[in-house]
Amino acid sequence: MNKTISKKKLLHLTKFHVRSTYYYLFIITGILLFNLLIAVLITSLDNTGESGSGSLDSVTLVHSFILGIVFFYSTFKFALLNGVSRRTYYLSSLLYLVIYSFFFTVITSITIVIAEAVTNTFTIYSLMYGYNFISMFIWLFLACLFFELLGWLISCVFYRTYKKARLIISVSLLLVIPIFVFINYLSNGAFGISVLNFISAIFGFNSTIPNPFIAMVTLLVLSLILAGSIFLLVRKAGIRE
């Protein structure tokens with residue numbers, strides 16, 4: 001990968017990223033407002049006051065994953081054809097995803113605050129850790145970034161591989177759950193319990209009161225691992241049709 005980083009090209013490419021996908025902000029806002037409207041209707045029609053609709057943060061996380069998948073194909077080819085180094089492209093894309101994670105988090109957090117005031121809607125975060133706006137905001141930002149990077153990594157893997165390799169990867173992913181079930185059966189459930197305990201520990205559920213800050217550290221570490229893996233894929237990637 002060319003080690004030269006042009007700050008001017010970095011800034012221009014980041015702006016290009018934002019301009020080419022700004023409509024995603026309107027889409028996520030529209031979807032969140034629609035979900036909020038549904039939640040208000042359900043809450044107003046329910047006489048018990050117990051029914052609600054949610055969760056709003058799951059909508060954003062799904063949208064973050066989709067954004068990570070779709071942005072790479074068009075922007076990578078555009079960057080290389082315009083003389084942008086792969087390193088500059090990588091850093092620009094990383095900055096772009098950080099910016100959009102922040103925007104997504106702000107929009108979603110505002111919607112959640114409104115929903116908490118007028119409806120019985122819930123969020124993934126509140127179900128796991130209770131409600132605290134500051135910790136929810138940080139957790140949601142890191143979760144958005146993680147899912148964007150995960151989508152980008154998957155996009156890079158499929159971009160770097162050919163048709164047969166893509167088929168092998170797809171089939172392998174489909175076999176993960178059956179293999180997990182089989183191994184868990186052979187271990188009389190011990191394997192599944194160990195995996196569950198590990199996941200619980202790294203996401204802060206191994207104590208009486210769930211700790212969201214452990215989950216934040218985990219999401220940050222996982223995001224760094226994904227970012228490093230993406231760098232290794234992008235640095236050797238060429239232009240493909």
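How many disulfides does the structure hold? The structure holds zero. This is a predicted model, and the views below start with its cysteines.

**View 1. Cys-144 and Cys-156 without a disulfide.** Cys-144 is in no disulfide. Its nearest cysteine sulfur belongs to Cys-156 and is 19 Å away. For Cys-156, the closest cysteine sulfur is in turn that of Cys-144, and 19 Å is too far for a bond, because a disulfide needs the two sulfur atoms within 2.5 Å. Are these cysteines buried or exposed? Cys-144 has 0% relative accessibility, so it counts as buried. Cys-156 has 2%, so it too counts as buried.

**View 2. Helix α2 against helix α4.** Two stretches meet here: α2, residues 23–45, and α4, residues 86–118. They pack at an angle of about 15°. Their axes lie 10 Å apart. The angle therefore makes α2 roughly parallel to α4, since angles under 35 degrees count that way. The crossing is right-handed.

**View 3. Residues at the α2 and α4 contact.** Which residues of α2 make the contact with α4? They are Tyr-24, Leu-25, Ile-28, Thr-29, Leu-32, Leu-36, Val-40 and Thr-43. From α4 come Tyr-100, Phe-103, Phe-104, Ile-107, Thr-108, Thr-111, Ile-114, Ala-115 and Val-118. Sorted by class, the contact of α2 with α4 has 13 nonpolar and four polar residues. No charged residues take part.

**View 4. Helix α4 against helix α9.** Here α4 packs with α9, residues 212–234. The angle is about 150°, and the axes are 10 Å apart. That angle makes α4 roughly antiparallel to α9, because angles over 145 degrees fall in that group. This crossing of α4 and α9 is right-handed.

**View 5. Residues at the α4 and α9 contact.** On the α4 side are Arg-86, Arg-87, Tyr-89, Tyr-90 and Leu-94. They meet Ala-227, Gly-228, Ile-230, Phe-231 and Val-234 in α9. By class, the contact of α4 with α9 has seven nonpolar residues, one polar and two charged.

**View 6. Asn-188 in a loop between helices.** Where does Asn-188 lie? Asn-188 sits in the loop between α7 (163–186) and α8 (190–202). Its phi is near 60°, a positive value in a residue other than glycine. Most residues other than glycine have a negative phi. Asn-188 has 74% relative accessibility, so it counts as exposed.

Note on methods:
Residues are numbered from 1 along each chain as its sequence is written. This is a predicted model: local features need pLDDT of at least 70, side-chain atom pairs count only at pLDDT 80 or more; totals for chains, interfaces and linings use all residues. Side-chain values use heavy atoms; hydrogens and water are left out. Helices (H or I, at least four residues) and strands (E, at least two) are DSSP runs, numbered from the N terminus. Buried means under 20% relative accessible area, exposed over 50%, partly exposed in between (1.4 Å probe, protein chains only). Axes are lines fitted to C-alpha atoms, for helices over the stretch in contact, and angles run from 0 to 180 degrees between N-to-C directions. Angles under 35 degrees count as roughly parallel, over 145 as roughly antiparallel, 65 to 115 as roughly perpendicular and the rest as oblique. A crossing is left-handed if the near helix is turned anticlockwise from the far one by less than a right angle, and right-handed if clockwise. Contact means heavy atoms within 4.5 Å. Ala, Val, Leu, Ile, Met, Phe, Trp, Tyr, Cys and Pro count as nonpolar, Asp, Glu, Lys and Arg as charged, and the others, Gly among them, as polar.
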